[in-house]
Amino acid sequence: MENKIEKEEAPSQIKAALQARCPRCRDGKMFIGKTYALKAQKMNETCPSCGLRFEREPGYFYVAMFVSYALAMAEMIAACVGFYIITGYMEGPWPYLIATIGTVILLSPINYRYSRVILMYWLTPGMEYQPQQERTLVEKP
Ligand SMILES: [Zn+2]
């Protein structure tokens, strides 16, 4: 009973985005598998819950590369600042280079995933939460 009532409420946008759910129904998963799965990251072509086509036009996800670039830059700066705060090292550039490259490599699956999430949630005009979509499909078995 309680679960049914909760399903009627709109899921929070941030929570849905963090879980990489479909931006329209906030229910279906955008990606197959986990962020750090050993297999290559795969994306569902359409939302398993509401049928929204994720790649709305050819080349749509190229824009995500720019988002990914911005994320990587922010992470590199954070890695440098963090490295300096922790070690206080100022002798040369190499430890910083290793720290930044290591951080970006470690976080690249996250960047890949969330660059697309950010693109779909906040950079695509007309991509909005539509609860009716979810309701009609949930009621149909
Ligand atoms: Zn959906």
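Mentor: Arginine 26 sits in the loop between H2 and S1. Before we dig in, bear in mind that this is a predicted model, where local features need pLDDT of at least 70 and side-chain atom pairs count only at pLDDT 80 or more, while totals for chains, interfaces and linings use all residues. Numbering starts from 1 along each chain as its sequence is written.

The labels are DSSP runs numbered from the N terminus: helices are H or I with at least four residues, strands are E with at least two. Here that gives five helices and two strands, in the order α-α-β-β-α-α-α from the N terminus. H2 covers 13-18, and S1 is 31-32.

Now the backbone. Most residues other than glycine have a negative phi, yet arginine 26 has a positive one of about 55°. Alanine 20 is in the loop between H2 and S1 too, and its phi is also positive, about 55°. Their surroundings are worth a look. Burial goes by the other C-beta atoms, placed from the backbone, within 10 Å of a residue's own: 20 or more is buried, 12 or fewer exposed, and in between partly exposed. Arginine 26 counts as buried because it has 24 such neighbours, whereas alanine 20, with 18, counts as partly exposed. Across the protein, buried residues make up 19% of the 141 residues.

Going back to H2, this helix is one of the two that the buried residues of H4 pack against, the other being H3 (62-87). Those buried residues in H4 include Asn111, Tyr114, Arg116 and Met120.

As for H3 and H4, they pack at about 145° with axes 7 Å apart; the axes are lines fitted to C-alpha atoms over the stretch in contact, and angles run from 0 to 180 degrees between N-to-C directions. Their contact (C-beta atoms, placed from the backbone, within 7 Å) has 18 nonpolar, five polar and two charged residues. Nonpolar takes in Ala, Val, Leu, Ile, Met, Phe, Trp, Tyr, Cys and Pro; charged means Asp, Glu, Lys and Arg; the others, Gly among them, are polar.
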